[in-house]
Amino acid sequence: SATIDAIIKRGELNCGTSGNAPMFSLPDSQGVMRGLDADSCRAVAAAILGDAKKVKFIPTTAQNRFTALQSGEVDLLYRSTTWTLGREGNLGGLFASVNFYDGTGFLVQAKLGVKSAKELDGASICVAPGTSTELAIADFFRVNKMKFTPILIQDTAEIEKAYLSGRCDAYSTDASGLAGFRFQQGDKAKDHILLPDIISKEPLGAMVRKGDDKFFDIVRWTYFAQLIAEEYGITQANADEIAKTATNPEVRRLLGLEGDMGKALGVDNKWALNTVKAVGNFGEMWDRNVTPYGVPRGINKLWNAGGLHYAPPMR
């Protein structure tokens, strides 16, 4: 794998993120990048390098993220990026995993009295250009024979300022992002209504360049390993202890005790154990990064709890 070789030689993973998205990638008060995407980057670094700290977070915008991936500036994108046919067919990339099943929503100020997206005919809507949100809105209004005026603003913080100042009637992006933004308003959160309409499917996840199957495999199976760990109750706290006593064949293969699963991927057989010890299973990442914002897990639960996250057998 040219990409894995470059990562090992460099000594760190270059991961393209947003850097300004609550729940996904946002620096804390100490400057440490926090969020589901940030931890997903760390998981891949732990799998390849054995150390989740060996990540360089490279901020990208909705418009330059794919160029950054194509040019090799980043090894992979974990930037709330929606898996679409056009992106795989036209941009030379592959989606290796989905870490958040989302959908396009609308946020409006409560004083407008709007209860449904179908009441937004003629509205002005703040949205980031070059996003799947922009396309989803256009499709929704076209299907419902309504009109709208897009207010296109690249920077997320500027979009939020424009919405709060009343420059647009509604703010649209992934519903998770809207919920996080609303939560950040504190006591004023009640002044904003997240409309019940979800107008598109937005599976968000990791995108890698085409042509490096081994790197694609390790990014995809790192995500699967975290799902399997959650399914079997393997956590940051107990991973080492379970590795000493495990008898379940699936768990033993996951933790590198038999089967040479890591060797098959071109990494150490302890890759999954290193990942779980470093950042936890998928549920732990969710609870750490998403739950504090009040966003229910919903369809992002494991398959055996009624959700969509499902890992093939590790054998």
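This is a predicted model: local features need pLDDT of at least 70, side-chain atom pairs count only at pLDDT 80 or more; totals for chains, interfaces and linings use all residues.
Trainee: How many helices and strands does the protein chain have, and what radius of gyration?

Mentor: The secondary structure comes to 13 helices and 12 strands. The C-alpha trace spans about 60 × 40 × 40 Å along its principal axes. For 315 residues, a compact globule would have a radius of gyration near 20 Å, and the chain agrees with that rule because its own value is 20 Å.

Trainee: What share of the residues of the protein chain counts as buried?

Mentor: Buried here means under 20% relative accessible area. In the contacts with a separation of 6 or more, residues 24 or more positions apart account for 71%. Of the 315 residues, the buried share is 53%.

Trainee: What is the volume of the largest pocket, and which residues are closest to its centre?

Mentor: The largest pocket holds about 570 Å³ of space. It is lined by 33 residues, and the closest to its centre are Ser18, Ala21, Arg79, Thr156 and Thr173.

Trainee: Which elements each supply at least two residues of that lining, and how many of the lining residues are charged?

Mentor: The elements are β5, α5, α6 (156–164), β10 (170–174), α7 (175–184) and β12 (202–209). By class, the lining of the largest pocket has 10 nonpolar and 16 polar residues, and the charged ones number 7.

Trainee: How many residues line the second largest pocket, and how many of them are nonpolar?

Mentor: The second largest pocket has a volume of about 230 Å³. Its lining has 18 residues, with Tyr101, Asp102, Ala175, Val295 and Pro296 nearest the centre. β6 (93–102) and α7 each supply at least two residues of this lining. It divides into 4 polar, 2 charged and, for the class asked about, 12 nonpolar.

Trainee: How much space lies in the largest cavity, and which helix gives the most to its lining?

Mentor: The structure holds 1 cavity of 30 Å³ or more, and about 50 Å³ of space lies in the largest cavity. Its lining includes Ser40, Val44, Tyr223 and Met285, and α2 (36–49), α8 (213–231) and α13 (282–289) each supply at least two residues. The lining divides into 6 nonpolar, 4 polar and no charged residues. The helix that gives the most, with 4 residues, is α8.

Trainee: Which residues of helix α12 are buried?

Mentor: The cover over the buried residues of α12 includes α2, α8, α9 (239–245), α10 (249–254), α11 (261–265) and α13. After α12 comes glycine 280, with a positive phi near 90°. The buried residues of α12 (residues 271–279) are Trp271, Ala272, Leu273, Thr275, Val276 and Val279.

Trainee: What is the phi of serine 80, and what is the phi of methionine 23?

Mentor: Most residues other than glycine have a negative phi. Serine 80 is not a glycine, yet its phi is positive, about 45°. Methionine 23 lies in the loop between β1 (13–17) and β2 (26–27) and counts as buried at 2% relative accessibility. Methionine 23 also has a positive phi, near 80°.

Trainee: Where is threonine 131, and is it buried or exposed?

Mentor: Threonine 131 is found in the loop between β8 (123–127) and α5 (132–143). Beyond neighbours within four places in sequence, threonine 131 is in contact with Ala62, Arg65 and Arg87. With a relative accessible area of 12%, threonine 131 is buried.

Trainee: What separates the C-alpha atoms of threonine 131 and threonine 82?

Mentor: A polar atom of the threonine 131 side chain lies 2.8 Å from the backbone oxygen of alanine 128. Threonine 82 is 49 residues away along the chain, and the separation of the two C-alpha atoms is 8.7 Å.

Key: Residues are numbered from 1 along each chain as its sequence is written. Side-chain values use heavy atoms; hydrogens and water are left out. On a 1 Å grid over the protein atoms alone, a cavity is a set of points where a 1.4 Å probe fits but cannot get out, and a pocket is an open set with protein on both sides within 12 Å along at least five of seven lines; lining residues have an atom within 4 Å of a point. Grid points are joined across faces, edges and corners, and a volume is the space filled by probe spheres set on the points. Ala, Val, Leu, Ile, Met, Phe, Trp, Tyr, Cys and Pro count as nonpolar, Asp, Glu, Lys and Arg as charged, and the others, Gly among them, as polar. Buried means under 20% relative accessible area, exposed over 50%, partly exposed in between (1.4 Å probe, protein chains only). Contact means heavy atoms within 4.5 Å. A polar contact is a pair of N or O atoms within 3.5 Å; within protein, one must be able to donate a hydrogen and the other to accept it, and residues adjacent in sequence count only if both atoms are side-chain atoms. The radius of gyration is taken over C-alpha atoms; the globule rule is 2.2 Å times the number of residues to the power 0.38.
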